[in-house]
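Please look over the chain below before reading on.

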Amino acid sequence: VLSAVPMLSFDNSQLSGSDGCNQFMGGYAVQDTQIKFSNLATTEKACLNPTDLPQKFAQALTQVVSYEATNHELKLFDRNHRVVLKFKNMK
C-alpha cells in the first residue's frame with residue numbers, strides 16, 4: 001500500500017493540506033518572496049503505515065521563510081536559503 005503524499009493548497013489567506021497521514025490547516029502571509037505560516041493545526045488520526053514523514057513535514061514547515069514558484073513547482077526555503085520542501089503542481 002502506498003502512503004499518501006504530503007500536499008499543500010493555498011486559498012486566499014488559508015493553507016490546508018496533508019502531511020502524508022493527517023490533514024492540517026492554518027494561515028499564511030506573503031510579502032514579495034517571504035512567506036510565513038501561522039496557527040497551524042493538524043488532525044491526529046492513527047496512520048495505517050506509520051512513518052516519521054508527518055513529523056519531518058511539520059518540522060520543515062516551521063523552518064520556511066521564503067519561496068520560489070513556477071507553473072510547475074513550489075520550493076520552500078529556510079533562512080539559509082536551503083530547500084526544505086519542494087512540491088510539483090499536479091494540475
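**From a buried serine to a pocket**

Ser66 has a relative accessible area of 7% and is therefore buried (under 20% relative accessible area; over 50% is exposed and in between is partly exposed, with a 1.4 Å probe and protein chains only). The model is a predicted one, in which local features need pLDDT of at least 70 and side-chain atom pairs count only at pLDDT 80 or more, while totals for chains, interfaces and linings use all residues. Residues are numbered from 1 along each chain as its sequence is written, and side-chain values use heavy atoms, with hydrogens and water left out.

Ser66 belongs to strand β5, residues 66–69; strands (E, at least two residues) and helices (H or I, at least four) are DSSP runs numbered from the N terminus. Apart from neighbours within four places in sequence, Ser66 is in contact with Thr33, Gln34, Ile35, Lys75, Leu76, Phe77 and His81, contact being heavy atoms within 4.5 Å.

The aromatic rings come next. Across the whole structure, 3 aromatic pairs are found. Rings of Phe, Tyr and Trp (its six-membered ring) pair if their centres lie within 6.5 Å; planes under 30 degrees apart are stacked, over 60 edge-to-face, and the rest tilted. Phe24 and Phe57 make a tilted pair, with 5.6 Å between centres and 50 degrees between planes. This pair joins distant parts of the chain, since Phe24 is in strand β3 (residues 23–31) and Phe57 in helix α1 (residues 53–63), 33 residues apart. Phe24 counts as buried because its relative accessibility is 6%, and Phe57 counts as buried because its value is 4%.

Phe57 also pairs with Phe87: the centres are 6.2 Å apart and the planes at 90 degrees, so this pair is edge-to-face. Here too distant parts of the chain are linked, helix α1 through Phe57 and strand β7 (residues 83–88) through Phe87, 30 residues apart. Phe87, at 13% relative accessibility, is buried as well. Phe24, Phe57 and Phe87 form one aromatic cluster.

Phe87 leads on to the largest pocket: of the 24 lining residues, Leu8, Leu74, Phe87, Lys88 and Asn89 lie nearest the centre. Elements giving two or more residues to this lining are β1 (7–11), β3, β5, β6 (73–77) and β7. A pocket is an open set of points on a 1 Å grid over the protein atoms alone, where a 1.4 Å probe fits, with protein on both sides within 12 Å along at least five of seven lines; lining residues have an atom within 4 Å of a point.
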